[in-house]
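Keep the viewer open and click along as you read.

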Amino acid sequence: MSKSFLEDIYDRDNVPDVTALYDEWAATYEAEILENGYATPRRCAEALARVAPDLSQPVLDFGCGTGLSGIALRLAGFETLDGRDLSAEMLAKARSKGIYRDLKHVSAETGTDGIKERYSLIAAIGVIGVGAGPPSLVQGLLKALPKGGLLVFSYNDHVIQDGDYAEARDAALNSGLAIERLREFGPHLPGQGLNSDVYVYEKT
Ligand SMILES: C[S@@+](CC[C@H](N)C(=O)[O-])C[C@H]1O[C@@H](n2cnc3c(N)ncnc32)[C@H](O)[C@@H]1O
């Protein structure tokens, strides 16, 4: 039986080297997460499609992983996708799906380089949270959008309850950086009894 990564990924006291974690998980990520009914990509993609004025605009799938979020975005009607990720192994899986116009391997420090006002739609699906990207990504990605641009992102139950992540999300609204266009609570990984919030924020 292959190793289960979901068992320890959310341990706040043992935060992993995220790049190494996803490089190691890439081979079995889809099997493990789909077995648990991973619902957040579809929910995020459909939420963004409801709010976005033009589905032909390119979407940056930030933290695209193996491309499950890209598949959901395509199924929701988005035509052009670019992806970025920390993990070369996850990106290789995404590349093999043939659904991205462009894929870029980034580091935690360079992730948002070169995207300022380049995309009016950004998705960070299952990306911001314990065991993945830092709270600062909420504001970092919003700041990269042009005025009126949309960011869809998700927080799973662990992230919703984490003070640092909750504060980063709320500060984006309280500081006037963005307004909330949609927020919906629903299933994340039903096989693990986990739910998530999906948010669509508009840059002001
Ligand atoms: C749980 S996976 C989600 C992947 C994909 N979006 C999906 O829904 O299946 C989280 C992904 O975010 C990437 N990631 C984490 N922190 C990141 C960062 N700071 N910049 C870019 N990618 C990051 C990881 O490498 C991993 O592939």
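1. One term before we start: "buried" means under 20% relative accessible area, "exposed" means over 50%, and "partly exposed" is in between, using a 1.4 Å probe and protein chains only. Also, helices (H or I, at least four residues) and strands (E, at least two) are DSSP runs, numbered from the N terminus. Keep in mind that this is a predicted model, where local features need pLDDT of at least 70 and side-chain atom pairs count only at pLDDT 80 or more, while totals for chains, interfaces and linings use all residues. Residues are numbered from 1 along each chain as its sequence is written, and side-chain values use heavy atoms, with hydrogens and water left out.

2. Let's begin with helix 5. Which residues are buried in helix 5? In this helix, which covers residues 136-144, they are Leu137, Val138, Leu141, Leu142 and Ala144. Looking down the axis of helix 5, you'd find its buried residues within an arc of 160° (taken from the directions from the helix axis to the C-beta atoms), so they line one face of the helix. As for what covers them, the list includes strand 1 (59-62), strand 4 (121-124), strand 5 (150-156), helix 7 (163-174), strand 6 (178-189) and strand 7 (194-203). Cover here goes by contact, meaning heavy atoms within 4.5 Å.

3. Now zoom in on Val138, which sits in helix 5. It counts as buried because its relative accessible area is 0%. Leaving out residues up to four places away in sequence, Val138 touches Ile128, Leu151, Phe153, Tyr155, Ala168, Arg169 and Ala172. Val138 and Asp170 are 32 residues apart along the chain, and their C-alpha atoms are separated by 9.7 Å.

4. Next, slide along to Leu145, in the loop between helix 5 and strand 5. Is Leu145 buried or exposed? It's buried, because its relative accessible area is 0%. Beyond its neighbours within four places in sequence, Leu145 is in contact with Glu117, Tyr119, Ser120, Leu121, Ile122, Leu150, Leu151 and Lys203. Take Glu117 from that list: it is 28 residues from Leu145 along the chain, yet the two C-alpha atoms are separated by 4.9 Å.

5. You'll find Glu117 in the loop between strand 3 (102-105) and strand 4. It counts as exposed because its relative accessible area is 53%. Check the backbone too: phi of Glu117 is near 60°, a positive value in a residue that isn't glycine. For background, most residues other than glycine have a negative phi.

6. On to the ligand. There are 21 residues around the ligand, and the ones that come nearest are Tyr29, Tyr38, Gly63, Asp85 and Ile125. By class, the shell has 14 nonpolar, six polar and one charged residues. The sorting goes like this: Ala, Val, Leu, Ile, Met, Phe, Trp, Tyr, Cys and Pro are nonpolar, Asp, Glu, Lys and Arg are charged, and the others, Gly among them, are polar.

7. Which atoms sit by the ligand's oxygen and nitrogen atoms? A ligand oxygen is 2.8 Å from an N or O atom in the side chain of Tyr29, and a ligand oxygen is 2.6 Å from an N or O atom in the side chain of Asp85. A ligand nitrogen is 2.8 Å from a polar backbone atom of Ile125. On its own the ligand exposes 590 Å², and the protein buries 97% of that (areas by the Shrake-Rupley method, with a 1.4 Å probe). Helix 1 (18-35) and helix 3 (68-75) are the elements that give two or more residues to the shell, with helix 1 giving the most, at three residues.

8. Last stop: Ser69, in helix 3. Ser69 is buried because its relative accessible area is 5%. A polar contact of 2.9 Å joins the side chains of Ser69 and Asp61. Such a contact is a pair of N or O atoms within 3.5 Å; within protein, one must be able to donate a hydrogen and the other to accept it, and residues adjacent in sequence count only if both atoms are side-chain atoms. Setting aside residues up to four places away in sequence, Ser69 touches Pro41, Asp61, Cys64, Tyr100 and Ile125. Pro41 lies in helix 2 (residues 40-51), and is buried because its relative accessible area is 5%.

Key: Near = heavy atom within 4 Å.
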